[in-house]
Amino acid sequence: MSWWRWLRGGGVPVVGSAAILIAFYLMAVLAPVVAPYDPGEQNRAFPNCPPSVLFVRPLRDWGQSILATHPYRLADPAARRYEILADVTAPVRLLYAGRLFTTPAGEPRYFLMGTDSLGRDLFSRIVFGSRVSLAVGIIGVTISFTIGTLVGSAAGYLGGQIDNVVMRVVEIEMALPSFYFLLALAAVIPPRLSPAATFLLIVAIMSLISWSGFARIIRGLVLSLRSLEYVDAARALGASRWRIIVRHIIPGTFSYTVVAATLGIPSFILGESALSLLGLGIQEPSASWGNMLADAQNVQNLVKYPWILIPGAFIFLTVMSFNFLGDYLRDRLDPRSGIR
Amino acid sequence: MPSDSMPLLDVRHLRTSFFIPPGGEARAVDDVSFTVEAGRTLGLVGESGCGKTMTALSILRLVSPPGRIVDGEVIFDGRDLLRLTEAQMRALRGNEIAMIFQEPMSSLNPLFTVGDQIAEAVRLHEGLGRQAARARAIEMLRLVEIPEADRRVDDYPHQLSGGMRQRVMIAIALSCRPRLLIADEPTTALDVTIQAQILDLLQSLRQRFDMALLLVTHDLGIVAERTDEVAVMYAGRIVERGRVAEVFAHPLHPYTRGLIASVPKIGARKQRRLATIPGVVPDLLHLPSGCRFRDRCAIAVAACSTTDPPLEPHRGEHLAACIRAGEPLPARGPAEGRGAPP
C-alpha cells in the first residue's frame, strides 16, 4: 500500500502530523533559505519588537512586490513600546537574495514573529533552532536504539552470563535519576566548545542515558522470538548464532522499534529543550528552541512580549505530531489490535 | 535386503535427558539405537511425548538446555556427530543432513520472501552470490512443483497455502542436496489430500537424489505406506524395529499391536467401542520399574515389573523389547483388534 493511502487511514490528525513534521524538517534542512535574516544579527533599534503585519497591495508596476509591511518605530525605549508607521510601506520580497522571503537591504525589516530582547528576528532563530531540536531527536534515537537493539538482542539470544552482566549494567543505569544525571553531565561540558561539538556531546550524553531502558525491552522481545520455530529451522540450516541474531531476531524487533523510536524522539527533543532552557545545553548565541524559551521564564516579559513563547508552540506541535504518528503506527502494526 | 555396506546413519545407544531441578532427570531418549541405510526410509513412530522428535533433534545436535545429549554415538558417514565441534556441525546442517519441521507457517520467517529463505541455505553452504542463489531458489521451487515458480519466489509465507509452504520447506531443506533428510511430522498440519501430495513429492525427490529419509510421525498409515523400515518408540525407548511389511504383518510388542488395533477400520465387524490402549504414557521422571509399558499391557506378568526387556531379535531382523513378544493377546482385551495373529 502506498504511503499516502496508509497515512490517510489515520484521518486528519495523522495526515496533519505528517505534514507538520515534513514541513519542519524541510525548514531545518533549508534553514538558510527559509529564514529571512541571519539568526545572530541583532537589530539594536528593535528590541522585543512585536510581530509585523503583512498585507497584500495592488501592483503598480512589475518591479514592485505584492507583499508589504508597515514597519514599527520604537516610541518609548524605556518601556519598549512600539507604534506602527501606517504611512510607511516597506516591501517584502519572495524568493529574493537566496531566501524564501526577506526585505531588501536598506529597507525596514519584516519580523514575522517579532524579535527577542537583543533585537534578533525570532522567526530566523526558530528556523535555525529547528536544526538543533529536530536533529537531536533523530540522531539521539538512532544512537540509543542502535546500541539498545544490539545489546538487548545479544543478551536475550545468548543468555547465560552475557545476559546476566548486561542486565545488571542496565539496571544500574536505570536506577540513576536520569534527569539529574543529565544535568550533572551537561554541566561538565566545557563552555568554550564550538556549537557543533556541544550539540554532539549533548546528543551523546542523552543517548548513553536512555539506551538501557530500550535494551531491556528488546531483550524481553528477543526471549520470545528466539523460541519461535523459524529460529529452530534456521539453526537446522546451519546458521551461526550471530547470523541468526542479525538476520532473524533483530528484524523481528523492528515492529516494536519503529513505534518506540517515533514515540521516543519527542523525549529527546524535550530533554534537549529542558537542558538548553536551564542554560546547560546549547549556549548563546546559537539558537535552539529550548534556550529561546529561557527568556519566557520571566513572567513580566511574557506578559509584555507574548510572542517569545512561539518556540514553545513549535516544540508542542513537533511533539504532538510525533505522538499522533507513533500512536497510529502502533495501532497499525500491532497484530492483536485488529486494525491492519 | 541385508545391508552390505555401512549404513549412512548409525545411531548407537543414544541418550538425551532433560535435567529438571532439583535433580530430576527425564530420559527423553533412553538408549535408542537404529540405522538408516543410504537411499532408504526409516519411519520413527510413536505417541506424542515418546521421544521421537527429541531423537531427531539429537541427531542434529539441536537440543537446547535443560535438555542435553548424555551418551551414545551418532555415526553419519563414518563420523561420530556427537564428537564434532559446533562449527563442524554447522557445516553439516542444511548441507548433508537437513530437517523439515511440523508447522510450515511458523517454520518460515514471516519477514522474508520464500526465495530469500531458500537462497539463505545455498548462500550459507555454497557461497553463491545473490543472482545465482535466486536462480537456484527458482529451480528448487520448480522441483517441489510449485506453479509459476519465478513469480512465487518473491512471495511471503503468508501468501502461500499450507501445502505450498511445506513444499517451500522441502525446497529449503533440499537446496544443498543433503544425503539425509529428517522430516519431523511433515504432514501432520496438512489435510489428507495435500498430505498425499507432499509424501509423493518426498518420495520422488528421495529417489531422484538418492537421499535417505528419517520420517518421524505418529501416523501408522503413513508409516505403512511410505517407509522401508519402522521403529516404534515408547517412553524414550524403541520397543520394536524391523522392516515395515514384517512388523505390520507380525507385530511382536503389545504396544505395537495395540497401536495397529486402535486404527479404526472401515467395514470392520461392528464394534461398540473403538479399541484403545488403556492408561497414559508414564511420567518420565517417575518411570515404573521393569518394563515401562507394563501398566498398560494386556499380557503383563510378574516378571515384567522386575526385568527391563532388551531390544532383541525375535524373527530374523525383526527386533522387539518384550519378554512375551509375539504371544497372543487375550481374546476380549481392549487391545484386541481384528485378526491379531496368534
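Predicted model: local features only at pLDDT ≥ 70, side-chain atom pairs only at ≥ 80, totals over all residues.
Local features rest on pLDDT of at least 70 and side-chain atom pairs on pLDDT 80 or more, while totals for chains, interfaces and linings use all residues. Residues are numbered from 1 along each chain as its sequence is written, and chains are lettered from A and ligands numbered from 1 in the order in which they are written.

Let us start with the strands. Helices (H or I, at least four residues) and strands (E, at least two) are DSSP runs, numbered from the N terminus, and two strands pair if DSSP finds at least two bridges between them. Chain B holds an open sheet of four strands in the order β2-β1-β4-β5, with antiparallel pairing. Its edge strands, β2 (24–36) and β5 (79–80), each pair on one side only. Here are two strand pairs, one from each chain.

| Strand pair | Bridges | Direction |
|---|---|---|
| β3(A) (72–76) and β4(A) (81–84) | four bridges | antiparallel |
| β1(B) (9–20) and β4(B) (67–76) | eight bridges | antiparallel |

In chain A, R73(A) sits opposite E83(A) of β4(A). The hairpin of β3(A) and β4(A) has four residues between the strands, and there R80(A) adopts a positive phi near 50°. Over in chain B, L9(B) has F76(B) in β4(B) as its bridge partner.

Now to the helices. In chain A, α4 (122–158) and α5 (160–175) pack at an angle of about 140°, their axes 7 Å apart; axes are lines fitted to C-alpha atoms over the stretch in contact, and angles run from 0 to 180 degrees between N-to-C directions. The two helices are therefore oblique to each other (under 35 degrees is roughly parallel, over 145 roughly antiparallel, 65 to 115 roughly perpendicular, the rest oblique). On the α4(A) side, V151(A), A154(A), A155(A) and L158(A) meet G160(A), I162(A), D163(A), V166(A) and M167(A) of α5(A), where contact means C-beta atoms, placed from the backbone, within 7 Å.

Helix α11 (254–261) of chain B is mostly covered, with eight of its eight residues buried, that is, with 20 or more other C-beta atoms within 10 Å of their own. Those buried residues pack against α9 (220–226), β9 (229–234), β10 (237–243) and α10 (244–249) of chain B.

Finally, the contact between the chains takes 19 residues from chain B and 14 residues from chain A. On the chain B side, α2 (86–92), α3 (104–107) and α4 (114–126) each supply at least two residues, and α4(B) gives the most, with four residues.

Definitions and conventions
Buried ≥ 20, exposed ≤ 12 C-beta atoms within 10 Å, placed from the backbone. Contact = placed C-beta atoms within 7 Å.
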